[in-house]
Amino acid sequence: MSEPLNETSDAGLVVAISRYNQDALAEAYRRHAGAVFGLAKRLLAEASLAEEVVQEVFLRLWNSPDKFDPGRGSLRSYLLAQCHGRSVDLLRSETSRRRREENDLRRTAEAGYDLEREVWDLTVADHVREAIAKLPEGERQAIRLAYLGGHTYREVAELLDEPEGTVKSRIRSGLKHLRADLVAIGVNAGEEAP
Amino acid sequence: MSDYHDQYTDLLGAYALDAVDGEEQAQIELHLRTCPWCAAEVAEHREVASFLSHGGSDAPDGVWDRIVAELSPPAPPLRMSFSPLPERGADVVPIERGRRPNRVLGAVLAVAACLLLVLAVVAVDQYRRIQSMEDQVALPDGAGAALVVELSGEEGNSGAKAVVERSGQGFLVSHDLPDVSDDELYQLWGNVDGVILSLGTFDSATDVVNFQLDPSRLDQVEGFMVTLEKAPGAPTSEHPPVIIGATA
């Protein structure tokens with residue numbers, strides 16, 4: 001007897017999706033759509049656009065499951081990367097520019113906003129916050145503006161009034177520091193989401 | 001590591017966060033095709049970034065119904081080109097015992113059978129996809145494909161067809177490009193809204209060249225071209241196209 005889908009690994013779900021198993025897609029949606037929607041909404045600040053991105057991401061998984069390589073990372077990070085790329089495309093389009101500027105104004109007015117508030121999962125949130133808090137301020141700012149603000153590193157350099165080379169180095173070193181810290185405190189940055 | 005490699009490494013973090021655009025993005029993507037170290041680093045960065053995403057939301061109401069409404073109809077059972085391991089807990093059917101064969105010979109035969117099975121699956125899968133695309137190309141208006149572009153050489157002595165599905169999955173088929181020397185290869189480029197993107201490299205023996213475009217930008221595709229480059233390919237080409245074609 002085969003394993004029920006709700007106990008199947010993410011990689012197993014994708015294999016089932018490649019066999020046109022709609023229930024497997026539903027299970028992947030149940031597990032990850034909330035995170036995908038959360039990221040899209042965070043970037044686009046508009047629920048209807050974020051929903052479109054969710055729809056695109058899961059339809060792409062259905063149409064091209066072979067694009068997901070389990071050897072390269074978890075299904076969650078794959079879906080979130082797809083979501084981020086698509087959201088950033090939308091964000092950078094001319095029609096979204098004005099909306100984005102308005103949202104930026106609103107966000108900067110929110111007291112206490114920082115990267116630490118954006119971590120995804122309560123079960124690892126404390127660990128991730130701890131790792132983020134240990135980052136040098138320059139690295140934290142650069143990653144926040146690039147990932148959650150949807151800015152290019154050149155835009156980040158302008159916003160922070162720093163050389164472009166410094167910003168791209170900080171983004172890379174910040175991500176490496178985060179990974180090392182997460183591993184050190186027991187969060188496996190390569191493991192599947194529950 | 002070479003200078004060619006080193007010039008990209010500092011950008012990998014920004015690239016993983018979609019913070020690189022334009023020509024620079026195209027150059028990194030080309031480099032990642034041939035550099036497993038950098039590709040692995042990008043995957044690691046994306047894994048870390050996934051922890052920074054806000055996941056507290058519930059899946060939005062109604063989106064699942066819209067997804068189901070757009071799912072393609074059931075299709076042939078084989079689609080991926082690899083055979084997964086059996087699922088945990090799958091039933092094992094005992095083999096009827098008879099005279100026990102030589103274990104080593106049995107193992108060799110089993111491995112050979114598995115290899116043959118995998119090769120057969122790969123071949124069948126490739127054949128299906130290729131046949132499907134060829135069938136679409138054969139239709140007068142390319143029905144079923146989102147884009148069909150004819151590429152041809154300046155003197156009309158070479159040609160190919162670029163076919164792109166609505167998913168963004170593309171194929172360069174039916175090319176008749178001449179052989180190239182060992183240190184050269186062909187490179188396929190796409191023009192998307194005026195930006196030239198590298199879509200991959202191939203040699204004259206490659207029957208079908210697979211590539212991927214952003215499905216949301218297919219209406220911005222202006223054309224394709226193939227250039228002859230020194231291996232392992234070029235981030236940008238300074239050579240004239242061997243064949244070229246524009247969207248209608």
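This short talk describes the helix packing, the nonpolar cores and a few individual residues of the structure above.

Good morning, colleagues. The structure is a predicted model, in which local features need pLDDT of at least 70 and side-chain atom pairs count only at pLDDT 80 or more, while totals for chains, interfaces and linings use all residues. Residues are numbered from 1 along each chain as its sequence is written, and chains are lettered from A and ligands numbered from 1 in the order in which they are written.

I begin with chain A. Nine helices and zero strands are found in chain A, where helices (H or I, at least four residues) and strands (E, at least two) are DSSP runs numbered from the N terminus. Along the sequence, the pattern of chain A reads α-α-α-α-α-α-α-α-α. Of the 194 residues in chain A, 48% are buried. A residue counts as buried if 20 or more other C-beta atoms lie within 10 Å of its own, as exposed if 12 or fewer do, and as partly exposed in between, with C-beta atoms placed from the backbone. Among the contacts in chain A with a separation of 6 or more, 62% join residues 24 or more positions apart; two residues are in contact if their C-beta atoms, placed from the backbone, lie within 7 Å.

I turn to helix packing. Two packed helices are described by the angle between their axes and the distance between the axes. Here the axes are lines fitted to C-alpha atoms, for helices over the stretch in contact, and angles run from 0 to 180 degrees between N-to-C directions.

Helix H1(A) packs against H2(A) at about 140°, with the axes 7 Å apart. The crossing of H1(A) and H2(A) is left-handed, that is, the near helix is turned anticlockwise from the far one by less than a right angle, whereas clockwise would be right-handed. From H1(A), Leu13(A), Ala16(A) and Ile17(A) meet Ala24(A), Leu25(A), Glu27(A) and Ala28(A) of H2(A). This contact of H1(A) with H2(A) has six nonpolar, no polar and one charged residues. In this classification Ala, Val, Leu, Ile, Met, Phe, Trp, Tyr, Cys and Pro are nonpolar, Asp, Glu, Lys and Arg are charged, and the others, Gly among them, are polar.

The next pair is H3(A), residues 47-63, and H4(A), residues 75-92, whose axes come within 10 Å and cross at roughly 135°. H3(A) and H4(A) are therefore oblique to each other; angles under 35 degrees count as roughly parallel, over 145 as roughly antiparallel, 65 to 115 as roughly perpendicular and the rest as oblique. The crossing of H3(A) and H4(A) is right-handed. Residues of H3(A) in this contact include Leu49(A), Val53(A) and Arg60(A), and those of H4(A) include Leu79(A), Cys83(A) and Arg86(A). By class, the contact of H3(A) with H4(A) comprises seven nonpolar, two polar and three charged residues.

H4(A) also packs against a helix of chain B, H4(B), residues 36-50, at about 90° with the axes 9 Å apart. H4(A) is thus roughly perpendicular to H4(B). Arg76(A), Ser77(A), Leu80(A) and Ala81(A) of H4(A) meet Arg46(B), Glu47(B) and Ser50(B) of H4(B). Two nonpolar, two polar and three charged residues make up this contact of H4(A) with H4(B).

What of the nonpolar cores? A nonpolar core is a set of buried Ala, Val, Leu, Ile, Met, Phe, Trp, Tyr and Cys residues joined through C-beta atoms within 7 Å. The largest has 37 residues, and Ile17(A), Val36(A) and Phe58(A) are among those with the most contacts inside it. H1, H2, H3 and H4 of chain A and H5 of chain B each supply at least two residues of this core. With twelve residues, H2(A) gives the most to this core. Beyond its neighbours within four places in sequence, Ile17(A) is in contact with residues including Leu61(A), Trp62(A) and Pro65(A). A second, separate core of 36 residues includes Val167(A), Tyr15(B), Leu17(B) and Ala49(B).

Finally, I consider backbone angles. Most residues other than glycine have a negative phi. Ala45(A), however, has a positive phi, near 60°, and is located in the loop between H2(A) and H3(A). Ala45(A) counts as partly exposed, with 18 C-beta neighbours inside 10 Å. In chain B, Asp193(B) has a positive phi near 55° and lies in the loop between strands E4(B) and E5(B). Asp193(B) counts as exposed because 9 C-beta neighbours lie inside 10 Å.

Thank you for your attention.
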